[in-house]
Amino acid sequence: MSACCPLDAFLAAQGLEPQAFQRQAWAAFDAGASGLIHAPTGSGKTLAAWGGAVRELLDSPGHGLQYLWITPLRALAADTARALDRPLAHAGLSEAVALRTGDTSAHRKRKLMDQPPPALVTTPESLSVMLSYADAPQRLKNLRAVFVDEWHDLLDSKRGVLLQLALARLRGWNPGLRTWGLSATLGNLDQAAAALVGVDREPLIIAGDLDRPVELVSLLPGAVDRFPWAGRVGIRQLKAVIDRIEAAGTSLLFTNTRSQAEIWFNAIQAVCDWPDRVALHHGSISRDLRQQAEQGLSDGRLKCVVATASLDLGVDFSPVDQVLQVGSPKGIARLIQRAGRSGHRPGGTARIVCVPTHALEIAELAAVRERLKTGRVEPRRPLRLALDVLAQHVVTAALGGGVPPDALFEEVRTTHAFADLAPVQWQWVVDFVTRGGPALEAYPAFQRVEAVNGLLRVPSRRIAMLHRLNIGTITADGALSVKFRKGGSLGSVEERFLARLRPGERFVFAGRVLELIRIRDMTAYVRPAKSNKAQVPAWQGGRLPLSTLLADGLLKLFEDFGAGRLPASAEALAAAPLLALQREVSSLPARDRLVLEQVTSREGSHWFVYPFAGRLAHEGLAALLAWRIAQQTPVTFSITVNDYGFELLSAEPVALAAEDWRRVLDPADLERDIVASLDAANLAKYRFRDIARIAGLVQQGYPGKGKAVRQIQASSGLIFDVLREHDADNLLLDQARREVLEAQLEIRRIRAVLERSVEQSLSLHTPERLTPLAFPLWADRLRAHLTSEDWQARVERMLGRLERDAA
Amino acid sequence: MSLRIELAGHPLDLRADRSVWWPARRTAFVADVHLGKDQVFRRSGVPIPAEVLDAELAALDAVLAGTGAERLIVLGDWVHAAPDDDDGWPHAVERWRRHHAELELVLVAGNHDRGLTEWLERWRMQDWADGARLDGLALMHEVDLDAPPAGLSGHVHPVVRLGPRGDRVRLTAFARRADHLILPAFGRFTGGGEGLERAGWTFYGIAGDRVVDLSGVRPPLRR
């Protein structure tokens, strides 16, 4: 077959030859199949997916737009387009790949419509915008294949849901369309593949280069007995880290949070001999600065880039000599992904140096090492029934040439996300976009989508404009952009952090110390600050909880220690003294033993509980247990959580025997009690921010679109209150409540903890002092006040405090 | 239910229903009602239930019933936008007006009250000039925050926050400086905007069904 030659020639020019999984993927593509290719970063999966299209395109050029390549990050789009262009250019076909993202100019977008290239690299949101033009069916019906890059990253997000719907639309116009996804290895590949190709098709799953070994090296402190029991920054390992960086050519230093990245970047710059050769890379930093960092690393100008998850993605990001990870990776999949940034050669070894920040993380690393041997990784669960995204999609479909509602219903049900969509739910969504809500008279003059001659259509140009502006906002959060007064954008910082600062106050951002001048029009104007004392912003989210897989690995390690079967790894040996101490003064948690400790201090009475379910689940669990306890004895608790457990602190001792704990750990009525225990309405209101934006209930501020949008701006909180009062059955409110339980509190894990506790022995202790497990909670205390008080009572309490202060 | 204060020597009641009652003049004040705002949203494809308007008018009924006011003065932003020809809500306001036929209804126009000439007539609403005086109190929609005269205004939608981080509550409030009082927004479907700080203002917060003097607290005003 002559058509395979261009790829062989392209690879041969780099001294490579096709790998078996690449040939397999190309043949499957030729045969018209759809599927998922999973392999570690840098193993050649881009060419595995793209190769089939390269051969096809060279063989039969076709007309119009024929291939779409979807990438989750628009920052990656340009690199990706270059990578896709290379094999085509090598075979003599130039300018076949173009780019369309939110950053593309209107002029360029028009040109892409008039003279479509054979292949287009774009984002899920940009694809949705393309679907919203009236001639979308004509323009997109000739597509031969769609490729989705980094599918694992989109899979468990609403962007993934949006993309599933868009793909269903494309397949509706062209049933022969092939869909291929690229993914890191996941614990639920079958589900990931089904979500990609739709539930009415059989996907193929192709594995590439899975034997690529990951070598884990831990930077263990010299004297473990003096290593801190708590902490999150790990900066005392700075010297050892700098030695490592100096010994290698290029390094990537991953941290778990943006704040950590800022702190490490400043520390390295302050003490190393090459301050100009370090850069910072995280999701809030502007695209230009990030690109400079990426470029600097690939051309060798930089020695080290300090990064967060922002560099977890990227097909052709050039490999570095060494990857370091500060703090526990919190999951196996993430460790493998990050390790894959080093030694990018097929067949090469991925190597990662882990830098524990406190003693228990050494134990976590020991567990990571054992888990790596099993070859298991965490799943990522695709979302289901996200009605906000569906509502947005229905408007998009109505704009894109109009659509009969029944046909759209059938099409939507081919997606994994909406396979179980009930007719009543569908009817609600259609009513929501056509009439405002189920009760016709309640929404006079509502105007969005109309049913005309059996087709859903959007009559108003202004609404069409507002809708297109809104499509891209799934990823936007309440962030303010940070700019120098004289121009020059640095990136964005969460509004909640900046709103607390006053003009003149300083903060660290993008590796600099900045002084706030003023906040205006969603922009924080800053100037460089002279002093270097400043606050580091604490970004919301970003801190992934310890995965269940790793948490159970940790418990297994404890069990092995108890049974005298501790693995002979350096980490396990280093962690052993700490485990021994924990066992001596209390006991070690295990899968069949829940450990609870009560300690009395000057601050009051502390209960420590260690379910090992990750910080999100612990938040909900702690609130639930505190509430259940308070139902019997009125008491106010302060709550602290981490990945291992939680602390309930009260001023007065709360005596609880094992039977009492059994009662508060009862799995019955979990959902009812957790809603009662948390200010669930308020949490849902917060959650509603995203839902309202996606479903088009709130409009973002847009530069240049001022007046049209300003007149209809209202906070999502206000709309939440209005809907709750006048349209309590609104399914979007219900969705907000559901998301609080499922995504924010991981109720699945809470339920698992409670159900497991029924079978577990309860091991209650009253140690004299804080145990190794208790200490991080005590030290790490982020007090969230929790009481069984209602809103009115809280106001009274605060007024009382004000009066006391005034007296 | 209410808190008695004195403004330039005049006793006034600050009410938890966001209105001010001046017993000596049998007059009630409200500000920033933003009638018809829900309609503006619906026209733009944002489904806000029309019950918002009914609730607003019912809240006005409650003020009138609770005080026995003979005159209601609206300190600006009675409506959110000029009504369209086929809008239903101005007619609902007209029906509401008929239920209070004896009431003297006054508007001190705000920045949103444009294009209302015809409707003011149908609503039998007097149009007083900005800065009109009543017993030495100047009535206006928007006040110069740095040099407020004795009087009453709206526009700012004052809000006060209490409590430390993580345990914070937000109260709708009256704001005061010297002999000037800014009323909270009467409309429930209002709020938001950029923070703005000014020295010298103190607050009376609405906590559930009572009004509390918070002169010790100095939080930002919101517009």
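Modeller: Gladly! This is a predicted model. In chain A, 76% of the contacts between residues at least 6 apart in sequence join residues at least 24 apart.

Colleague: What makes two residues count as a contact here?

Modeller: Their C-beta atoms must lie within 7 Å of each other. Chain A has 807 residues, and 49% of them count as buried.

Colleague: How many helices and strands does chain A have?

Modeller: There are 32 helices and 26 strands. Seven strands form an open sheet in the order S3-S4-S2-S5-S6-S1-S7, with parallel pairing.

Colleague: Why are S3 and S7 of chain A said to stand at the edges?

Modeller: Strand S3 (97-100) and strand S7 (204-207) each have a single partner strand, so one side of each lacks a neighbour in the sheet. From one strand to the next, the twist averages 20 degrees.

Colleague: How do you know that S1 and S6 of chain A pair?

Modeller: Pairing requires at least two bridges. Strand S1 (residues 35-38) and strand S6 (residues 178-183) of chain A have four bridges, in the parallel sense. Within this pair, Leu36(A) is opposite Gly181(A) in S6(A).

Colleague: Which strands does helix H3 of chain A touch?

Modeller: Helix H3 (residues 45-59) packs on the sheet and touches S1, S2, S5 and S6 of chain A. The direction of H3 makes about 165 degrees with that of S6(A).

Colleague: And what does helix H6 of chain A touch?

Modeller: Helix H6 (residues 124-131) also packs on the sheet, touching S2, S3 and S4 of chain A. The direction of H6 makes about 140 degrees with that of S2(A).

Notes
Residues numbered from 1 in each chain as written. Chains lettered and ligands numbered in written order. Predicted model: local features only at pLDDT ≥ 70, side-chain atom pairs only at ≥ 80, totals over all residues. Helix = DSSP H or I, 4+ residues; strand = E, 2+ residues; numbered from the N terminus. Axes fitted to C-alpha atoms, helices over the stretch in contact; angles between N-to-C directions. Buried ≥ 20, exposed ≤ 12 C-beta atoms within 10 Å, placed from the backbone.
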